Amino acid sequence: MNYKDHTQLKKDIAAGKLENAYLLYGSEEYLVRGYAGLIADKAIPGEKDAFRYSRLSGEKLDVDLLYDTVEALPLMGGSKLVWVDGLEADKLSPEQFALLEQILSDVPPSCVLLITAAASAFGAKKSAREKKILAHMEKAGATAEMGKQTPGDLAKFLVKQAKQYGCTISTALCRELINLCGGDMLVLQGEIAKVCAYAGGGEVLPEHLSAVAVPKMEARVFDLTKEILAENYKGAMEILANLFYLRESPVAILAVMAMTYADLYRAKIAGQSGLPAVQMIGDFGYKGREFRVNNALRLSQKLSVEYLRHSVQTLLALDLRLKSAGADGRALLEEAVTTLFVLRKKYW
């Protein structure tokens, strides 16, 4: 079975409809961990003793130990759960992988085998081994991919989290927090906890966010871009200086700047061609990151194609120089920001 909707997985777990084996993977670690916990609690209610519950590291998996653990009958009858946490199948030797396939093809009915994978595993370009594991697990039990959530889903998540801390928060403010800190649910969980603690209960206000929420680097670089577009040279240089003060990598800063200008360029071309935002989201893989499209469409309206084209070329040239041996990252980024200001005036 392949759960395409993890909410159905949640319903089945709550109803006690457990499968013999589970593979949970995907880029949203919060959901992977959360659903793994739900499965473990339902399979082994109460205290998890060593006779009925085993958790093995998947990074350097001892497949022989896994075989013995899965095959051993639970003490005093009943069922047991074996959790392989962070499976990295491509690190196994051919002999170990063959044994793993054997285990997956015949999981005893007395055991619930739970496998979680690292965020980088089972991605869009699955390896041959990962494809085999998926096939085995779908036949033996169930698989579920926990991908990035939509802004709407994240907003609902934040509202629910705030309620647990005795606070209320508007959907608009939830989206502001998402734009500020990114869409990782683990990060957002920590940020909403801080914001609610600072608010001290009741309604969360914008000033509570600005006081304690830590902006993700992408948000700060986006602010840098907005200062450039607004022709606020001092403001842009202050943000850049702050990024270096926080020891952000020049390569990472440049990557986000290039991504932001690429968003603007795509949005400008799409707008001139009369393409709807939904098509841009699909054509360029922005699903789950729709806020980037909306921001780019709004900001690109007053920009010329020539400015955006030359800006992207400038950032590409900087990337080549920045990755050259002995390049001064800070000096090159300051030069790039200055060049973008010059281009802004030249190609109004």
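# Strands, pockets and ring pairs in a predicted model

Reader: How many bridges join strand 3 to strand 4?
Author: This is a predicted model. Strand 3 covers residues 53-57 and runs parallel to strand 4. One of the paired positions is Tyr 53, whose partner in strand 4 is Leu 81. The number of bridges joining the two strands is five.

Reader: Which residue of strand 5 is the bridge partner of Val 84?
Author: Strand 4 pairs with strand 5, residues 111-117, in the parallel sense over seven bridges. Trp 83 has Leu 114 as its bridge partner in strand 5. For Val 84, the bridge partner in strand 5 is Ile 115.

Reader: Is strand 4 mostly covered or mostly open, and how many of its residues are buried?
Author: Strand 4 spans residues 80-87. To count as buried, a residue must have under 20% relative accessible area. Strand 4 is mostly covered, and the number of its residues that are buried is eight of eight.

Reader: Which helix makes a β-α-β unit with strand 4 and strand 5?
Author: The two strands pair in the parallel sense. The unit they make with the helix is right-handed, and its helical part is residues 94-105, helix 4.

Reader: Which strands stand at the edges of the sheet?
Author: Six strands form an open sheet with parallel pairing, in the order 1-6-2-5-4-3. Each edge strand has a single partner, so one side of each is left without a neighbour in the sheet. The edge strands are strand 1 (2-3) and strand 3.

Reader: Which residues are closest to the centre of the largest pocket?
Author: The largest pocket has a volume of about 760 Å³. Its lining holds 30 residues, and those closest to the centre are Asn 179, Gly 182, Glu 218, Phe 291 and Arg 292.

Reader: Which elements give two or more residues to the lining of the largest pocket?
Author: By class, this lining divides into 10 nonpolar, eight polar and 12 charged residues. The elements that give two or more residues to the lining of the largest pocket are helix 7 (171-181), helix 10 (217-229), helix 12 (250-272) and helix 14 (290-300).

Reader: Which element gives the largest share of the lining of the second largest pocket?
Author: The second largest pocket has a volume of about 480 Å³. Of its 17 lining residues, the closest to the centre are Lys 10, Leu 31, Phe 157, Lys 160 and Met 185. Two or more lining residues come from each of helix 1 (6-14), helix 2 (29-43) and helix 6 (151-164). The largest share is seven residues, and the element that gives it is helix 6.

Reader: What kind of aromatic pair do Tyr 233 and Phe 341 form?
Author: The count of aromatic pairs comes to three. Planes over 60 degrees apart count as edge-to-face. The ring centres of Tyr 233 and Phe 341 are 5.1 Å apart and their planes stand at 70°, so the pair is edge-to-face.

Reader: How many residues apart in sequence are the parts that the pair of Tyr 233 and Phe 341 ties together?
Author: Tyr 233 is partly exposed at 38% relative accessibility, whereas Phe 341 is buried at 8%. Tyr 233 lies in helix 11 (residues 233-245) and Phe 341 in helix 16 (residues 329-346), so the separation in sequence of the parts tied together is 108 residues.

Reader: Which helices hold Tyr 261 and Tyr 307?
Author: Their ring centres are 6.2 Å apart with planes at 65°, so this pair is edge-to-face. Both Tyr 261 and Tyr 307 are buried. The pair ties together parts 46 residues apart in sequence, with Tyr 261 in helix 12 and Tyr 307 in helix 15 (residues 305-322).

Definitions and conventions:
Residues are numbered from 1 along each chain as its sequence is written. This is a predicted model: local features need pLDDT of at least 70, side-chain atom pairs count only at pLDDT 80 or more; totals for chains, interfaces and linings use all residues. Side-chain values use heavy atoms; hydrogens and water are left out. Buried means under 20% relative accessible area, exposed over 50%, partly exposed in between (1.4 Å probe, protein chains only). Helices (H or I, at least four residues) and strands (E, at least two) are DSSP runs, numbered from the N terminus. Two strands pair if DSSP finds at least two bridges between them. A crossover is right-handed if, with the strands pointing away from the viewer, the path from the first strand over the helix to the second runs clockwise. On a 1 Å grid over the protein atoms alone, a cavity is a set of points where a 1.4 Å probe fits but cannot get out, and a pocket is an open set with protein on both sides within 12 Å along at least five of seven lines; lining residues have an atom within 4 Å of a point. Grid points are joined across faces, edges and corners, and a volume is the space filled by probe spheres set on the points. Ala, Val, Leu, Ile, Met, Phe, Trp, Tyr, Cys and Pro count as nonpolar, Asp, Glu, Lys and Arg as charged, and the others, Gly among them, as polar. Rings of Phe, Tyr and Trp (its six-membered ring) pair if their centres lie within 6.5 Å; planes under 30 degrees apart count as stacked, over 60 as edge-to-face and the rest as tilted.
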